[in-house]
Amino acid sequence: MRVSLARVGDWLRDHARAIRAVQWVLVLVYGFLLLVPVFLPLPDDSARILNNLTLFAQFVFWGIWWPFVLLSMVLFGRLWCGMLCPEGSLTEWTSRHGLGRAIPRWMRWNGWPVVGFASTTLYGQLVSVYQYPKAAMLVLGGSTLAAIAVGLVYTRGKRAWCRHLCPVTGVFALLGKLAPMHYRVDETRWLESAKNRRITIAVDCAPLMPLRHMKGNSGCHMCARCSGYRDAISLSARSPAQEVVELGAVEATAWQTVLILYGLLGIAIGAFHWTASPWFIAVKQACADWLAARDIVWPLENNAPWWLLTHYPQVNDTFTWLDGGMIVAYILATSLLLGSTLSLCLAVAVRSGGRWHWQRFHHLAQSLIPQAGIGVFLGLSTLTVSLLKAEGLHLWWVSGARLGLLLLANVWSLWLARGIVRGWTPDRARQSGALVAVALALLAVDGAWALLFWYW
Ligand code: SF4
């Protein structure tokens, strides 16, 4: 298996030109689907995915691209980033022709992935990014322009944007930890090659990975350029638990924990919830009544511009200032409630498993990555399902598939947690206590998805 995977890596390395051509085709398709629908009228009730470009672009971006890119991270690591992502291609290309400045300190701040993910998720909800081409152009196109600008100013031929500022780099880095393959570095072979003074051409690693000491998949874009380097690096199979269980003990960070607990399992769930939540409607109605009774009418007006709050009167879809405030409040409240509940469960688990240590807490939080990743995939695929249902497809199997995937996520997370806790203590009773607390955390997340998929 290792040999054949290594061959795949070498094959990808040797076909870099063809891959680059595919990247540019994708850049063109991406630009076309992002820009052209902006100039078309909004689809009417008779429009279908195959006869309306706006609906087609919506389906491609949010029904296929986004959920399946997330899924690909879990299956193949960040292959999408290295081989196909239009933003990655553009930022790398522009950085070959730009100012070539060094990456500044502010860009290296480890909190950007959390800030980027939280702000784009919230803003995307306010402007209804999944529904309207202008909103998609603003969110996706804005990110692409920023990637180009960063490329023009910083580094020479590298991907500073992808490594530090892309709004989803943190999420991709987490999901990539689960991939059953990675570029493995054989330290002994590396040293042998150095001892033999073999001449090697430096690898052009765009996300600036420290090749010799590379252990995990988080930052690697799986571009294959280093495949076979010094006869020491090869695409290899690994256990989908390896990176989380083994490397997480030293590499897990507080920002990653925040992104898992309050981001993927908090903000993202809140963003999927609010459109279906009866609580959202009840609280919003109560607030509206309270404001109306006091003659405070400006929050009930829908005069915000489309780039701030959803504003499409031609299809009767406009947000008031109260809507906007409520959406932000609901999503943040969900994040705080779920994130804090999960933190509490994990803290109990750490204490049950032995002495308290923050690193143990961050390590154990990584066991929830499968639950977080598969949950977000399911949340995003609700749009895929509703678009396909609107086409008249009878998707009878969806509910069962959701249940199956959630079960898989639970089992996978518990498996990772078991591996982590076993490293803390040989005491079976302590291990079991910790796993019960992790199971409670998983149940809390299951409950949130059950509300969305089966109860509301
Ligand atoms: S380490 Fe760098 S060069 Fe090697 S596959 Fe990953 S991104 Fe590409």
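**Entry 1: Glu243 and Lys177**

I looked up Glu243 and Lys177 and found that both are buried (buried is under 20% relative accessible area, exposed is over 50%, and partly exposed lies in between, with a 1.4 Å probe and protein chains only). Their side chains meet in a salt bridge, 3.9 Å from N to O (a side-chain nitrogen of Lys or Arg within 4 Å of a carboxyl oxygen of Asp or Glu). Glu243 is in helix α11 and Lys177 in the loop between α9 and β1 (181–185), and the pair links parts of the chain 66 residues apart. I take helices (H or I, at least four residues) and strands (E, at least two) as DSSP runs, numbered from the N terminus.

I note the source here: this is a predicted model, in which local features need pLDDT of at least 70 and side-chain atom pairs count only at pLDDT 80 or more, while totals for chains, interfaces and linings use all residues. Residues are numbered from 1 along each chain as its sequence is written, and side-chain values use heavy atoms, with hydrogens and water left out.

**Entry 2: other salt bridges**

I then asked how many salt bridges the rule gives. The count comes to 12.

I looked at Arg159 and Glu92, whose side chains form a salt bridge at 2.8 Å, N to O. Arg159 sits in the loop between α7 (133–153) and α8, and Glu92 in helix α5 (residues 86–96), 67 residues apart. Arg159 counts as buried because its relative accessibility is 2%. Glu92 is buried too, at 5%.

Next I looked up Lys158, which forms a salt bridge with Asp204, the closest N and O atoms being 2.5 Å apart. Lys158 is in the loop between α7 and α8 and Asp204 in the loop between α10 (187–195) and β2 (233–237), so the pair ties together parts 46 residues apart in sequence.

**Entry 3: cavities**

I searched the whole structure and noted 4 cavities of 30 Å³ or more. The search runs on a 1 Å grid over the protein atoms alone: a cavity is a set of points where a 1.4 Å probe fits but cannot get out, a pocket is an open set with protein on both sides within 12 Å along at least five of seven lines, and lining residues have an atom within 4 Å of a point. Grid points are joined across faces, edges and corners, and a volume is the space filled by probe spheres set on the points.

The largest cavity has a volume of about 650 Å³. It is lined by 39 residues, and those closest to its centre are Trp66, Thr120, Leu140, Pro167 and Val168. I sorted the lining by class and got 28 nonpolar, 8 polar and 3 charged residues (Ala, Val, Leu, Ile, Met, Phe, Trp, Tyr, Cys and Pro are nonpolar, Asp, Glu, Lys and Arg charged, and the others, Gly among them, polar).

**Entry 4: the largest pocket**

The largest pocket has a volume of about 780 Å³. Of its 29 lining residues, Asn110, Ala173, Ser218, Gly219 and Gln256 lie nearest the centre. Two or more lining residues come from each of α6, α8 (160–165), α9, α11 (242–251) and α12 (254–273). Which element gives the largest share? I found α9, with 4 residues. By class, this lining has 11 nonpolar, 11 polar and 7 charged residues.

In helix α9 (residues 169–176) I also checked Gly170, which is buried at a relative accessible area of 10%. Gly170 and Ile260 are 90 residues apart in sequence and 9.5 Å apart in space, C-alpha to C-alpha.

**Entry 5: backbone phi**

Most residues other than glycine have a negative phi. I looked up two residues with a positive value. Leu208 has phi near 60°, and Met222 has phi near 55°. Leu208 is in the loop between α10 and β2, and Met222 is found in the loop between α10 and β2 as well. Leu208 is partly exposed, with a relative accessible area of 34%, whereas Met222 counts as buried at 1%.
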